[in-house]
Amino acid sequence: MHAKKINIAIDGFSSCGKSTMAKDLAGKLGYTYIDSGAMYRAVALYAIRKGWITETRMDEEALRAHVSEIKITFAPNTQGSQDTYLNGENVEDDIRTLEVANGASRVSTLGFVRKELVRQQQEMGKKKGVVMDGRDIGTVVFPDAELKLFITAPPEIRAQRRFDEMKAKGINPPAYEDILANVKERDLRDTTRAESPLRKADDAIELDNTHVDIEGQLQWALDMFNRIMAKNDQN
């Protein structure tokens, strides 16, 4: 294993398997996986506990005044994955409730929350050895990441994967046409939003994983990592 660590940014469209790749790659390399979704959930949990988020209202001003008091970190657990910590408290189970998920979708629309979490993510990145996936990691969060990957596949393929995944989990999925419409809607929203739209960074390496399984895309990511590290060793 290479002694010197780098940061890895993985971007791409919804239902492309970015999170799976990021988690698997971090595990293989002994890196930290930054779960941005868990970070928004932790903010929501903090706000819920303070009474700033209820079913009918959200006190944005109170959250704005105290958002700097929210410190989120990650640490490995005995199961081989990692837990989310909110101000030093392990909240991995607490943030996985439906109430917190709903709260996370609400706080994620607030620009000041996003700004604070990006600041914390960039702080984590200063130590190197992190893998993070999302829509704007290589362009906004870690623009100086040594390795940037961009994952894509046609909407039809991604919709079919989501449909099959739901069936495999025993969930009765919506009609394929409805899932496809949702995928296309998210693509449009992600690529046209005013703040940090989804786009491929100029120096990102692209993978169309239409015909690539989970093991194959992990091996591809590892190959890209080793190529970058070999190049760094030569310089």
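Analyst: Happy to. Let us start with β1, where five of the five residues are buried, so this strand is largely enclosed by the rest of the structure. Buried here means under 20% relative accessible area, exposed means over 50%, and partly exposed lies in between (1.4 Å probe, protein chains only). Helices (H or I, at least four residues) and strands (E, at least two) are DSSP runs, numbered from the N terminus.

Before going on, a word on the source: this is a predicted model, in which local features need pLDDT of at least 70 and side-chain atom pairs count only at pLDDT 80 or more, while totals for chains, interfaces and linings use all residues. Residues are numbered from 1 along each chain as its sequence is written, and side-chain values use heavy atoms, with hydrogens and water left out.

Both faces of β1 are covered: I8, I10 and G12 are buried on one side, and A9 and D11 are buried on the other.

β1 belongs to an open sheet of five strands in the order β2-β6-β1-β7-β8, with parallel pairing. The edges are held by β2 (32–34) and β8 (205–208), each with a single partner strand, so one side of each is left without a neighbour in the sheet. On average, neighbouring strands of this sheet are turned by 20° against each other, direction ignored; axes are lines fitted to C-alpha atoms, for helices over the stretch in contact, and angles run from 0 to 180 degrees between N-to-C directions.

Next come the nonpolar cores. A nonpolar core is a set of buried Ala, Val, Leu, Ile, Met, Phe, Trp, Tyr and Cys residues joined through side-chain atoms within 4.5 Å. The largest has 38 residues, of which I34, V43, L63, I70, V113 and F142 touch the most other members. Two or more residues each come from α2 (36–50), α3 (60–66), β3 (72–76), α4 (98–107), α5 (111–125), β6 and α6 (137–141), and α2 gives the largest share, 10 residues. Apart from this core lies another, of 30 residues, among them I6, A22, I151 and A201.

K148 leads us to the charged pairs. A salt bridge is a side-chain nitrogen of Lys or Arg within 4 Å of a carboxyl oxygen of Asp or Glu, and the structure holds 16 of them. D203 forms one with K148, the closest N and O atoms being 3.1 Å apart. This pair links distant parts of the chain, with D203 in the loop between α8 (176–192) and β8 and K148 in strand β7, 55 residues apart. D203 is partly exposed at 48% relative accessible area, whereas K148 counts as buried at 7%.

E146 and K128 form another salt bridge, their closest N and O atoms 2.7 Å apart. E146 lies in the loop between α6 and β7 and K128 in the loop between α5 and β6, so the pair ties together parts that are 18 residues apart in sequence. E146 is partly exposed at 29%, and K128 is partly exposed at 33%.

Finally, the setting: the protein chain has nine helices and eight strands. Of its 235 residues, 46% count as buried, and β1, with five of five residues buried, is part of that picture.

Technical notes: Pairing = 2+ DSSP bridges.
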